[in-house]
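Please keep the sequence and the structure in view while reading.

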Amino acid sequence: MALDPYRLPTTVTPAHYELAIAPDLKTCRFEGTTAITVTVHQPVREIVLNAVELDLHSAVLTDASGSHQEATITLDEDLERATLTFPAALATGEGHLTITSTGTINDRLRGFYRSTFIDGDGVERVIATTQFESTDARRAFPCWDEPEHKATFRVSLLVPTGLLGLSNTSAVEERPTEGGTWVEFDTTMKMSTYLVAFVVGPLVTTDPVDVDGVPLRVACVPGRERLSAFALEIGAHALRFLADYFAIPYPSDKLDLVALPDFAFGAMENLGCVTFRETALLVDPDHAARIELERVADVVAHEIAHMWFGDLVTMKWWNGIWLNEAFATFMELTTVHAFRPEWERWVSFSTERAVAMVTDGLASTRPIEYEVVSPDDAEGMFDVLTYQKGGAVLRMLETYLGAAHFRDGIRLYLDRHRYGNTETTDLWDAIEDACGEPVRAIMDSWIFQGGHPVVSVSSSERGVVLKQQRFRYTPDPADADQLWQIPALLRRVSGQHGRVLLSGTSTTVGLSGEGPAVVNAGGWGVYRTRYASALFADLLAHLDDLDALERFNLLSDTWAEVLAGQVGVDGFLDLVMLLGRERDPSVWEVALDGLGACYRALPDPSGLSEWVRELIRPVFDSLGWVPAPDEPDSVARLRGLLAQALGTIAEDDKVQVQARALHAEGTAPPDLLAAVVTIIAWTGDTEDYDMFWSKIRGATTPQDEVRYLFRLPTFPSADLLLRTLDASLDGIRAQNGAFIIASSLGHRSAGPTAWGWLTQHWDDTLLRLPDNSRGRMLEGIVRLTSPEMVETVTSFLETHPLANARKQVAQLTERQRVNAAFVARHAGALAARF
Ligand SMILES: [Zn+2]
């Protein structure tokens with residue numbers, strides 16, 4: 001019988017690891033000794049475990065009687081495995097396996113890797129740090145690198161003199177040695193290998209904040225401690241809020257939040273030693289936009305939620321990664337909502353959910369949970385369907401069941417499975433046990449099939465008639481049989497509420513009261529709504545009676561119907577014209593998103609620019625340039641959003657002049673700064689471009705740096721765009737390259753030039769950018785909508801497949817075709833109207 005190439009045999013399993021890691025930051029090499037307490041279940045002669053890019057020098061097993069056997073070692077680099085073959089069969093029972101190894105501290109932002117920065121004296125300094133999820137612990141030490149093989153870990157690090165060493169738990173012993181100190185950290189709880197972390201480098205920490213007995217610190221490069229207060233504030237809030245929500249104490253003895261100059265993801269939930277990219281942790285609250293603070297609050301809350309959901313209770317295998325991430329996304333929003341209710345974070349999440357629903361309306365979408373076989377498959381799971389659609393589906397369930405029932409189910413689940421591993425259905429069973437509703441059946445229909453429904457609404461004498469079918473941008477008769485169990489909330493605009501589980505094709509709901517019915521009341525259902533035309537007209541007459549999220553859905557669903565060819569573009573534009581009294585930024589964001597697509601569809605968009613200007617200018621003028629001292633947060637966000645639209649696609653020269661004046665004076669309020677920088681780039685010349693680079697190099701906060709950096713692809717000149725693209729390979733950190741390339745591909749006129757550049761620099765780009773960012777790098781192709789570009793891009797990507805981003809590439813090329821069809825279908829109508 002052939003061995004499963006991706007699942008280790010379970011004849012020998014680990015219980016406890018003692019890791020001793022000695023990094024040399026000058027040569028970027030490290031030595032490791034891995035001593036593993038194992039259980040030998042069968043008298044085998046072989047132990048198979050994961051290792052890759054490591055030189056394994058010796059492997060010795062000592063059994064319970066004290067006798068030793070040394071193994072011969074073979075490595076299979078493709079399968080990322082080491083096979084240890086012993087001279088004689090191993091005695092069953094407990095054994096101690098000791099493996100010595102050496103490896104390289106790599107530049108690939110995975111495994112044990114190096115991050116660098118220039119210190120205050122202009123000297124380059126090196127930090128050695130880890131990123132193990134999903135399957136990269138095996139690049140640092142030989143191990144059973146599968147989430148189900150939980151064990152305890154005791155890490156020791158050789159920390160050179162003058163540097164700091166961090167790991168998952170508190171340091172318990174320090175032994176000075178030549179050139180440094182061996183620092184030994186306490187034994188962790190039982191957990192998966194992907195959650196182990198160690199960091200050695202010239203970092204500093206803040207004084208610990210005591211959060212009900214848990215010391216909480218921020219670690220960062222020297223000089224940035226001044227940017228840590230906000231992270232500590234949300235961190236302390238999250239620790240308390242989540243321990244209370246889950247009714248389980250924080251599962252480790254300390255918590256360090258570590259900001260790293262080079263980081264492939266946003267952050268990583270290593271138990272007790274969470275690592276972040278700097279923009280997600282370090283911020284100056286006095287000079288940051290609300291949205292920048294929100295990003296820090298979101299990510300810190302998300303990672304701390306993982307300490308319980310993910311770290312304490314873990315998926316059995318990588319197919320369960322969606323639940324890990326969807327739930328952390330759900331808890332992040334719940335936690336941040338409790339932290340700053342005035343941010344209305346659940347409302348602004350609608351724009352993130354909308355992004356997921358765009359992908360989910362494609363033929364090439366996938367079920368939220370799908371089969372994961374190889375490490376490449378696991379990497380493909382970190383996408384909008386896992387995080388945003390998954391989080392939105394959980395929110396839909398919570399609003400249908402009620403928050404208390406939902407929370408009781410979560411508590412039951414975590415309590416039942418602490419220190420263990422689970423399948424998705426274990427969660428549904430626990431919630432079902434807590435509330436008595438058919439949660440498993442409902443959720444199976446949302447988790448195990450791709451896509452989402454559109455609910456058609458009409459009225460009959462008996463009430464409101466609901467019919468479901470799959471929503472697709474490219475309708476397909478083969479979808480006819482696909483049904484969801486839709487937990488639908490309804491109401492009359494006058495206030496009467498109804499609730500129904502729509503599990504068949506259609507149902508009729510009696511709903512008393514006056515006024516039009518709102519289906520998807522509150523706006524939390526992950527489905528689209530298609531009202532019969534008379535009902536739709538009636539609703540539009542009651543726009544002021546709808547919640548922000550309900551208005552958001554009207555616009556979002558209408559725009560989706562335009563892309564699907566079900567509604568003419570005039571239907572969307574007429575709806576946008578009704579937004580004169582609208583003050584919710586998320587509703588405006590979805591409107592501007594559609595207007596941006598119309599702008600790009602027109603060879604000469606000047607007529608549309610004028611129309612947008614006339615539409616937005618009165619709304620913007622009602623807000624003014626200067627924030628009122630007591631205005632709601634949403635007004636500040638809306639001001640930035642509208643200023644940016646006016647200064648870019650609306651080509652409002654007054655706004656463009658004022659933006660430059662505010663920038664020159666240095667008086668733009670934080671919430672306007674991003675818009676101001678974007679407007680300058682939109683109209684910028686070479687001198688502005690050079691100014692941006694000096695701002696990037698002189699930035700004193702991570703937000704300042706990316707505010708200018710990420711707008712480099714907005715400059716109109718194709719020559720400047722090529723300079724920006726060259727910098728993505730040399731001149732900016734690899735972690736930011738994908739964002740720059742994606743924006744360049746989406747450039748308003750020179751996207752094809754960017755595509756040409758990418759195809760010429762394909763190999764270099766893949767070599768330099770972190771592996772996990774390949775899908776993201778291609779996101780801009782959805783804006784390359786000419787028939788020639790559709791053909792060119794598709795054929796190139798067919799001959800240059802990306803193993804770990806196959807699904808994303810299929811989705812992006814399909815979106816490109818959907819957008820191209822929109823242009824082909826509506827460019828004429830748009831040109832006639834404008
Ligand atoms: Zn996460």
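Helices, of at least four residues, and strands, of at least two, are DSSP runs numbered from the N terminus. In helix H2, which covers residues 290-308, His302 and His306 lie four residues apart, about one turn of the helix. The model is a predicted one.

- His302 has a relative accessible area of 7% and is buried, because buried means under 20%.
- His306 is likewise buried, with a relative accessible area of 0%.

**Aromatic pairs**

- The structure contains 38 aromatic pairs.
- One of these is formed by Phe265 and Phe382, which are 6.0 Å apart from centre to centre, with 70° between the planes, an edge-to-face arrangement.
- Phe265 belongs to the loop between strand E19 (255-260) and strand E20 (267-268), and Phe382 to the loop between helix H5 (375-379) and helix H6 (384-401), so this pair ties together parts that are 117 residues apart in sequence.
- Phe382 counts as buried, at 18% relative accessibility.
- The ring centres of Phe339 and Trp343 are 6.3 Å apart and the planes stand at 85°, so this pair is also edge-to-face, because planes over 60 degrees apart count as such.
- Both Phe339 and Trp343 are buried.

**Charges over rings**

- The charged end of Arg395 is placed over the ring of Trp524, at 4.8 Å from the ring's centre.
- Arg528 lies over the face of Phe471, and the distance to the ring centre is 5.3 Å.

**The second largest pocket**

- The volume of the second largest pocket is about 1,200 Å³.
- Its lining consists of 40 residues, and those nearest the centre are Thr116, Phe117, Ile118, Glu705 and Arg733.
- Elements that give two or more residues to this lining include strand E9 (111-118), strand E10 (124-131) and helix H18 (686-697).
- Helix H19 (702-709), helix H21 (734-745) and helix H23 (762-768) are also among the elements giving two or more residues.
- Strand E9 provides the largest share of the lining, with five residues.
- By class, the lining of this pocket holds 16 nonpolar, nine polar and 15 charged residues.

**Cavities**

- Six cavities of 30 Å³ or more are found in the structure.
- The largest cavity holds about 150 Å³ of space.
- It is lined by 16 residues, of which Glu133, Asp136, Phe265, Glu379 and Asn772 are the closest to its centre.
- The lining of the largest cavity has six nonpolar, four polar and six charged residues.
- The second largest cavity holds about 90 Å³ of space.
- Residues lining the second largest cavity include Phe309, Gly310, Val313, Tyr413 and Glu423.
- Strand E22 (314-315) and helix H3 (321-339) are the elements that give two or more residues to the lining of the second largest cavity.
- This lining divides into five nonpolar residues, six polar residues and one charged residue.

Conventions
Residues numbered from 1 in each chain as written. Predicted model: local features only at pLDDT ≥ 70, side-chain atom pairs only at ≥ 80, totals over all residues. Heavy atoms only, no water. Buried < 20%, exposed > 50% of the residue type's maximum accessible area, 1.4 Å probe, protein only. 1 Å grid on protein atoms, 1.4 Å probe; cavity = no way out; pocket = protein on both sides within 12 Å on 5 of 7 lines; lining within 4 Å. Points joined across faces, edges and corners; volume = space filled by probe spheres on them. Nonpolar A, V, L, I, M, F, W, Y, C, P; charged D, E, K, R; others polar. Phe/Tyr/Trp six-rings, centres within 6.5 Å; stacked < 30°, edge-to-face > 60°. Lys NZ or Arg CZ within 6 Å of the ring centre and 35° of its normal.
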